Amino acid sequence: MNKTVVINVVGLTPSLIGKHTPMLSQWAELGKIATVEPVLPAVTCSVQATYLTGKMPDKHGIVGNGWYFRDECETKFWKQSNKLVQSPKIWDIAREFDSSFICANMFWWYNMYSSVDYAVTPRPMYPADGRKIPDIYTQPSNFRNQLQAKFGQFPLFNFWGPTASIESTQWIANSSKWVEENCNPNLTLIYLPHLDYCLQKFGPDQDKIAKELQEIDAVCGDLINFYEQRDASVIVLSEYGITSVSQPIHINRILRSKGLLAIRDEEGRELLDAGASKAFAVADHQIAHVYVNDTDYIPQVRSLLEEIEGIDYILDETSKSVHHLNHSRSGELVAVAKPDSWFTYYYWLDDKNAPDFARTVDIHRKPGYDPVELFVDPKLKFPKLKIGSKLLKKKLGFRYLMDVIPLDASLVKGSHGCIPPTPDVAPLFISKKTELLNSDSIKATDVCRLILQHLQLS
């Protein structure tokens, strides 16, 4: 068996490899770059599930980063149980070839309660006083204390939100090397999220993200050198490319204006009442699963969606099958945005009625994905002072609301989810084993097979 390492550099595309990534550029020249034909939706959870199973969303069931749980009448994002992935994973497949196979999963999603040998993933603590404390979940459980004793508390607030930075990516890289040195797995899966932040904030403008490109290049170069010195085959890949966007689509506000979406008032704050709605959308970057509780309204909802500027096309029961989204978790209709547009989850008509969590980083309570969480509200006169006072309350053990996130979707300059318009902004797969890459383009479902071939298990 050939030791193999897969470095998942989120958002990396052929167009971003160049003057700001000298280490990756030099390494790629020794091998081959192939673009990846992404799945729909081209979002983290769906793509990773396809890479690790070799199956499409209609088989593995991950139709987005979140979806509507019909039996609970609740939308849930970023759940972590591996039981949600409904197909065998690469480590299960590998063990059929060799029962001694060992795998380490370092921060790829759905990383809890799987049959992987070693796992590390974010898992904050939420005490009853309302605080959110950075932490991790590990398998085996004693890795949790060992890793944080060596590298410090996992920098959760640098993993996502306005203070997202290279610090979290570096922590993941350091912990991955520690697992390699102490456990010697046959396959290590490493997730490096750093580019995701700047690409959504600024778009794929290399001049605006030069610093971030240089930072991720240094981390990748260090990892590649480390693993190649241990005779590992290294694969660098990405999940999606990010396109420039200028048009947010407030799809739920439009559904509400037509009397299709229901809200519940709680002390002057509005909450989306999914179970009482005739139709509502679960916004996920450039994809929106539109759930129609009363199927008699499907024709009306479709006609409404077809009139919305920025929507490229709509999938129904027939066309969902063509795109492998015909799964019970999908919406009755699926709206796909044009490359320059994206969907917000916003459903309130007046910002004063927005729920309190709208102005916070709250990836679980919001009924949709919110990239505006990457920004501090530019209208705040003294943002550092306000944040400092909130942190002081946290330190003293008081309840606090870190309500510093704006409600201005126009701030977002990059998004993903639709099929990329050109190969230079598509995800990629780089390897020195050029004999395994027979084409300049591969399918997302090929990634699982190619990893197994690098392991010499197929």
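**Figure 1. Lining of the second largest pocket.** The lining residues divide into nine nonpolar, three polar and nine charged (charged being Asp, Glu, Lys and Arg, nonpolar Ala, Val, Leu, Ile, Met, Phe, Trp, Tyr, Cys and Pro, and polar the others, Gly among them). The model is predicted: local features need pLDDT of at least 70 and side-chain atom pairs pLDDT 80 or more, while totals for chains, interfaces and linings use all residues. Residues are numbered from 1 along each chain as its sequence is written, and side-chain values use heavy atoms, without hydrogens or water. Of the 21 lining residues, Arg 264, Leu 271, Leu 272, Arg 365 and Pro 367 lie nearest the centre of the pocket (an open set of 1 Å grid points where a 1.4 Å probe fits, with protein on both sides within 12 Å along at least five of seven lines; lining residues have an atom within 4 Å of a point). Two or more residues each come from β4 (74-77), β12 (263-266) and β13 (269-272) (DSSP runs: strands of at least two residues, helices of at least four). Strand β4 gives the largest share, four residues.

Figure 2. Trp 67 sits in strand β3 (residues 66-69). Its relative accessible area is 3%, so Trp 67 is buried (under 20%; exposed is over 50% and partly exposed in between, with a 1.4 Å probe and protein chains only). Among the residues that Trp 67 touches, leaving aside those up to four places away in sequence, are Glu 74, Thr 75, Lys 76, Tyr 110 and Tyr 291 (heavy atoms within 4.5 Å).

**Figure 3. Surroundings of Glu 332.** The loop between α11 (317-322) and β17 (333-337) holds Glu 332. This residue is buried, at 14% relative accessible area. Beyond four places in sequence, its contacts include Arg 70, Tyr 291, Leu 315 and Lys 320.

**Figure 4. Salt bridge of Lys 3 and Glu 180.** The closest N and O atoms of this pair are 3.1 Å apart (a salt bridge is a side-chain nitrogen of Lys or Arg within 4 Å of a carboxyl oxygen of Asp or Glu). Lys 3 precedes β1 (4-9), whereas Glu 180 belongs to helix α6 (residues 166-183), 177 residues apart. Both residues are buried. Together with Arg 230, Lys 3 and Glu 180 are linked in a network of salt bridges.

**Figure 5. Salt bridge of Lys 432 and Glu 228.** The closest N and O atoms lie 3.1 Å apart. Because Lys 432 is in the loop between β20 (428-431) and β21 (441-443) and Glu 228 in helix α8 (residues 210-228), the pair ties together parts 204 residues apart in sequence. Lys 432 is partly exposed, at 35% relative accessibility, and Glu 228 is partly exposed, at 27%.
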